Amino acid sequence: MNADTAAKPVIVGVDGSEYSSAALRYAGMLAFRPETRLEVISCVGMPDYLVTSRLEGADRQFTARLEDAARRLVDDALGRAFSGERPEGIDVTIKFGPPAKVLVDESRRARMLVVGRHGEGGLLKSSMGSVSKACAAHSTCPVVLVGQEADAV
């Protein structure tokens with residue numbers, strides 16, 4: 001592994017779901033290596049942000065509330081993923097924008113991108129959700145899609 005790769009983080013997309021907790025557990029196994037940094041990214045979707053941007057004078061307050069809510073979801077997911085011992089040095093970043101676009105953009109600076117694989121729902125019983133599909137198709141680094149079945153391993 002060269003120095004450039006070692007400096008890049010493993011990025012985990014977290015939306016607060018059980019799927020993202022499974023992705024965190026998987027990525028946490030990688031983060032126990034001393035040269036691996038783990039960065040958690042959670043996204044506040046554009047519809048939420050656009051609503052608050054239309055509120056005169058209160059946009060900063062509501063934006064801060066949305067960011068706080070996203071941080072609480074991440075904290076809850078971290079608690080479920082690492083009941084007891086969380087890996088040290090986990091960075092948490094809250095981004096505003098469509099999750100798929102944000103994660104694909106962030107993949108440019110990542111060693112690996114880890115996301116939970118939603119799916120099995122909707123009309124066609126898709127095995128992947130839209131965010132995991134976009135990440136798998138467009139990311140510039142290796143992508144690991146983690147489903148709930150990862151907990152059974």
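Is D105 buried, exposed or partly exposed? At 30% relative accessibility, D105 counts as partly exposed, where buried means under 20% relative accessible area, exposed over 50% and partly exposed in between (1.4 Å probe, protein chains only). The views below look around this residue.

This is a predicted model, in which local features need pLDDT of at least 70, side-chain atom pairs count only at pLDDT 80 or more, and totals for chains, interfaces and linings use all residues. Residues are numbered from 1 along each chain as its sequence is written, and side-chain values use heavy atoms, with hydrogens and water left out.

**View 1. The whole protein, for orientation.**
The protein has six helices and five strands, in the order α-β-α-β-α-α-β-α-β-α-β along the sequence. Helices (H or I, at least four residues) and strands (E, at least two) are DSSP runs, numbered from the N terminus. Of its 153 residues, 40% count as buried. Contact means heavy atoms within 4.5 Å; among contacts between residues at least 6 apart in sequence, 73% join residues at least 24 apart. The accessible surface comes to about 8600 Å², with 54% of it belonging to carbon and sulfur atoms; areas come from the Shrake-Rupley method with a 1.4 Å probe.

**View 2. Helix 5 and its cover.**
Helix 5 spans residues 99-106, and its buried residues are A100, V102, L103, V104 and E106. What covers these buried residues includes strand 1 (10-13), strand 2 (38-44), strand 3 (90-96), strand 4 (112-116) and helix 6 (130-138).

**View 3. V102 among its neighbours.**
V102 is found in helix 5 and counts as buried at 9% relative accessibility. Leaving aside residues up to four places away in sequence, V102 touches I41, C43, K95, F96 and G97.

A salt bridge is a side-chain nitrogen of Lys or Arg within 4 Å of a carboxyl oxygen of Asp or Glu; the count comes to eight. K101 forms one with D105, the closest N and O atoms being 2.8 Å apart. Being four residues apart in helix 5, K101 and D105 are separated by about one helical turn. An α-helix has 3.6 residues a turn, so residues three or four places apart point the same way. D105 also meets R108 in a salt bridge (3.3 Å, N to O), and R108 is exposed, with a relative accessible area of 56%.

**View 4. The E106 and K95 pair.**
The side chains of E106 and K95 meet in a salt bridge (3.1 Å, N to O). E106 lies in helix 5 and K95 in strand 3, so the pair ties together parts that are eleven residues apart in sequence. E106 counts as buried at 11% relative accessibility, while K95 counts as partly exposed at 27%. E39, K95, E106 and R109 are linked in a network of salt bridges.

**View 5. The largest pocket.**
The largest pocket holds about 360 Å³ of space and is lined by 24 residues, of which V14, D15, S42, C43 and P99 lie nearest its centre. Strand 2, helix 4 (59-81), helix 5, strand 4 and helix 6 each supply at least two residues of the lining. On a 1 Å grid over the protein atoms alone, a pocket is an open set of points where a 1.4 Å probe fits, with protein on both sides within 12 Å along at least five of seven lines, and lining residues have an atom within 4 Å of a point.

Key. Points joined across faces, edges and corners; volume = space filled by probe spheres on them.
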